[in-house]
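Here are my notes on the model, as numbered points. Have the sequence and the structure open while you go through them.

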Amino acid sequence: MSPTLKWVLGALVGLPLMCCGCGGMWVRSQFPHEEALARVVNHRQVVQSLGSPVSGAFFFSGRTQSRGDDALAEMEIPLSGSKQDGVLHVKAVQTSKVWGFSRLRVVAKDGKVINVLNEF
């Protein structure tokens, strides 16, 4: 395969991946993903259940609705720890560009449920 053809094929594959990656980062930044993880990864009960260190996945599933500066987000973020994995269930409302949580619940693989909001 010629170097020019390799470059063209690389550009055809790499450019969309790069654009999607940047777009994914931009879209993700509009969700309360990072703030929710910050509250959970060092939470005493979560660390005891999942094992240290606890980390959240980059990708998550969920849905959002927005109207002007207000938004609603429901997300499920996979978590991993040294003992077991889990899922962080998030429900948040954004008002005037500030996110407030009505659900921050971790469900460990063994079935244990930890309601993180009880301590805030």
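Notes on the model

1. Ground rules. This is a predicted model, so local features need pLDDT of at least 70 and side-chain atom pairs count only at pLDDT 80 or more, while totals for chains, interfaces and linings use all residues. Residues are numbered from 1 along each chain as its sequence is written, and side-chain values use heavy atoms, with hydrogens and water left out.

2. Arg 39 and its partner. Arg 39 is partly exposed, with a relative accessible area of 27% (buried means under 20% relative accessible area, exposed over 50%, partly exposed in between, with a 1.4 Å probe and protein chains only). Arg 39 forms a salt bridge with Glu 35, and the closest N and O atoms are 3.4 Å apart (the criterion is a side-chain nitrogen of Lys or Arg within 4 Å of a carboxyl oxygen of Asp or Glu). Glu 35 is partly exposed too, at 34%. Both sit in helix 2 (residues 33–40), four residues apart, which puts about one helical turn between them. Helices (H or I, at least four residues) and strands (E, at least two) are DSSP runs, numbered from the N terminus.

3. The other salt bridge. The search of the whole structure finds two salt bridges. Glu 74 pairs with Arg 63, with the closest N and O atoms 2.8 Å apart. Glu 74 is in strand 3 (residues 70–80) and Arg 63 in strand 2 (residues 61–67), so this pair ties together parts that are 11 residues apart in sequence. Glu 74 is partly exposed at 22% relative accessibility, and Arg 63 is partly exposed at 45%.

4. Strand 3 and its partners. Strand 3 pairs antiparallel with strand 1 (residues 55–56) over two bridges (pairing takes at least two DSSP bridges between the strands), and Gly 56 stands opposite Leu 79. Seven bridges join strand 3 to strand 2, again antiparallel, and 10 join strand 3 to strand 4, also antiparallel. Ala 73 is a handy landmark: Thr 64 stands opposite Ala 73, and Ala 73 stands opposite Ala 92 in strand 4. Strands 2 and 3 form a hairpin with two residues between them, and Gly 68 in that turn has a positive phi of about 65°. The hairpin of strands 3 and 4 has four residues between them.

5. Two faces of strand 3.

6. The core. The largest nonpolar core has 24 residues, and those with the most contacts inside it are Val 46, Leu 88, Val 90, Leu 104 and Val 106 (a core is a set of buried Ala, Val, Leu, Ile, Met, Phe, Trp, Tyr and Cys residues joined through side-chain atoms within 4.5 Å). Helix 2, helix 3 (44–50), strand 3, strand 4 (85–95) and strand 5 (98–108) each give two or more residues to this core. Leaving aside neighbours within four places in sequence, Leu 88 is in contact with residues including Leu 37, Met 75, Ile 77 and Leu 104 (contact means heavy atoms within 4.5 Å).
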